[in-house]
Amino acid sequence: MARWDTLLANVHLATVSGTEPYGIVENAALAISAGRIAWLGPARDLPGSPQDLARRVLYLGGRWATPGLIDCHTHLVYGGNRAREFELMLKGVSYTEIFKAGGGIRSTMKATRAADEDELFATAAGRMKALLGEGVTTLEIKSGYGLDLDTELRMLRVARRLGRELPVQVVTTFLGAHACPPEHDGDKDGYIDFVTQSVLPRVVKEGLADAVDGFYDPLGFSAAQIDRLFAAAKDHGLPVKLHAEQFADLNGGALVARHRALSADHMEYVSPEGIAAMAGTGTVAVLLPGAFYFTHETQVPPVAAMRARGLPVAVATDSNPGSSPALSLVLMMNMACVLFRLTPDEALKGVTIQAARALGLAADRGTLEVGKRADIAVWDIGHPVELSYAIGANPCAGAIRGGDVVLDRGAFGAA
Ligand code: DI6
Ligand code: FE
């Protein structure tokens with residue numbers, strides 16, 4: 001009797017575990033049973049010949065395998081796009097000015113309210129396929145372009161449906177507190193009442209959200225309003241995360257630390273005090289180089305200070321129509337290295353184990369280790385540094401999710 005379901009052979013592993021950069025095991029093998037990693041190590045340590053050990057042997061032709069990539073911050077579900085606002089931004093009108101003139105999040109709100117479920121599903125699925133083609137096996141999707149009950153629920157239902165119908169695990173986040181809609185103009189407190197008393201209970205009742213997020217910014221909501229939002233999330237047993245310090249230092253580090261948030265996202269303007277407050281709380285700093293790049297931001301997130309305080313740092317696309325129309329997590333790795341000076345090892349951790357941590361899933365995935373889900377990306381590269389090195393390449397040759405091959409571009413050949 002074969003002891004394993006599947007054995008990956010003739011492969012090099014970047015396990016992203018242990019203390020060495022990338023957690024490399026060369027000339028390796030990796031066994032999968034019941035959708036989980038059952039064994040891994042140098043091939044010479046296999047307790048028999050591959051064919052005797054597993055019902056199925058996949059020969060990877062000397063390619064590299066990493067944990068399946070995890071995009072822990074996206075706004076993939078939305079109507080329309082903001083290409084015309086892009087033209088304005090290139091003429092020198094800032095993201096903030098466009099927002100204040102009634103564009104920005106509000107213009108996507110209008111297009112999203114006008115889109116039915118199938119339309120939202122089809123456009124998001126198209127975008128998602130680009131990410132899955134890069135070995136993404138888990139991704140987060142936020143609501144936040146409805147800003148009314150029906151549309152927020154519709155966005156989250158679409159996100160759940162994407163996870164059922166496409167070969168990826170979708171983690172959903174309720175971002176009702178993304179911006180104040182026209183119905184509540186001048187009354188952000190009233191809108192937060194509506195979000196916490198009318199929308200969140202329905203979201204929870206229908207099981208549509210895995211976490212709650214808000215936009216902590218003068219364009220979004222105040223610390224007192226976020227406190228109220230997070231208290232309501234806690235009452236419903238949901239973890240929280242926050243868009244913080246994107247355009248200014250507002251002491252967001254202390255705010256997320258106080259709430260033991262899963263993550264604090266953007267973080268360009270976080271202060272040394274903010275980093276100190278977050279250190280040791282488990283909160284992950286999620287860096288979003290696509291938004292930094294696209295909004296012509298010049299304030300680089302203080303990566304050296306984060307590193308010095310041992311803050312976990314993740315990297316994500318922030319895929320959204322206004323500030324980061326990005327559909328490549330691999331490109332974000334390059335941008336995190338070049339623009340923010342992450343090391344390529346940190347960038348790989350940022351889209352695997354640290355991204356898993358930002359979703360509260362680190363015990364289950366994010367590294368190649370025995371017992372973790374068999375979510376694996378296979379790459380046509382000679383060394384894992386190449387994932388961060390190239391600009392605009394997609395060396396992904398295949399992907400496995402929960403032990404099943406979900407993407408095959410010729411990775412799984414014969415011996
Ligand atoms: N910050 C962002 O970068 C996205 N949301 C947020 O709070 C942008 C959303 C958009 O412009 O549509
Ligand atoms: Fe975002």
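Predicted model: local features only at pLDDT ≥ 70, side-chain atom pairs only at ≥ 80, totals over all residues.
Let me begin with the conventions. Residues are numbered from 1 along each chain as its sequence is written, chains are lettered from A and ligands numbered from 1 in the order in which they are written, and side-chain values use heavy atoms, with hydrogens and water left out.

I turn to the metal. Which residues coordinate the iron ion (ligand 2)? The donors are His73 (NE2), His75 (NE2), His243 (NE2) and Asp318 (OD), at 2.1 to 2.2 Å. Donors here are N, O and S atoms within 2.8 Å of the metal (3.2 Å for Na, K and Ca); water is not among the atoms, so sites may look incomplete. Along the chain, the spacing of these donors is H-x1-H-x167-H-x74-D. Why is the arrangement called irregular? The four donor atoms subtend angles of 81 to 167°, which makes it so. For reference, four donors are tetrahedral if all angles lie between 85 and 135 degrees; four are square planar and six octahedral if opposite donors are over 155 degrees apart and all others between 65 and 115; anything else is irregular. Both His73 and His75 are buried, where buried means under 20% relative accessible area, exposed over 50%, and partly exposed in between (1.4 Å probe, protein chains only).

Next, the helices. Helices (H or I, at least four residues) and strands (E, at least two) are DSSP runs, numbered from the N terminus. In helix H4, residues 105–113, the buried residues are Ile105, Arg106, Thr108, Met109 and Thr112. They cover an arc of only 155° around the axis, which puts them on the same side of H4; the arc is that of the directions from the helix axis to the C-beta atoms. An α-helix has 3.6 residues a turn, so residues three or four places apart point the same way. The cover over the buried residues of H4 includes helix H3 (95–100), helix H5 (117–132) and helix H6 (149–165).

Helix H13, residues 329–340, is mostly covered, with nine of its 12 residues buried. Among them are Leu329, Met332, Cys337 and Phe340. At the start of H13, a side-chain oxygen of Ser328 comes within 2.9 Å of the backbone nitrogen of Leu331. After H13 comes Arg341, with a positive phi near 65°. Arg341 is not a glycine, and its place is in the loop between H13 and helix H14 (344–350). Its relative accessible area of 68% makes Arg341 exposed.

Ala34 has a positive phi of about 50° although it is not a glycine. Ala34 lies in the loop between strand S2 (24–33) and strand S3 (36–42), and is exposed at a relative accessible area of 72%. Most residues other than glycine have a negative phi.

Now the aromatic rings. Rings of Phe, Tyr and Trp (its six-membered ring) pair if their centres lie within 6.5 Å; planes under 30 degrees apart count as stacked, over 60 as edge-to-face and the rest as tilted. By this rule the count is seven aromatic pairs. One of the pairs, Phe292 with Phe340, is edge-to-face, at 5.0 Å centre to centre and 80° between the planes. It links distant parts of the chain, Phe292 in helix H11 (residues 289–294) and Phe340 in H13, 48 residues apart. Phe292 counts as buried at 7% relative accessibility, and Phe340 counts as buried at 2%. Elsewhere, ring pairs link Tyr191, Phe194 and Phe221 into a cluster.

Finally, Arg63, in strand S4 (residues 54–67). Is Arg63 buried or exposed? Arg63 is buried, with a relative accessible area of 19%. A polar atom of its side chain lies 3.4 Å from the backbone oxygen of Gly410. A polar contact is a pair of N or O atoms within 3.5 Å; within protein, one must be able to donate a hydrogen and the other to accept it, and residues adjacent in sequence count only if both atoms are side-chain atoms. Leaving aside neighbours within four places in sequence, the contacts of Arg63 (heavy atoms within 4.5 Å) include Asn10, His12, Trp379, Asp380 and Gly410.
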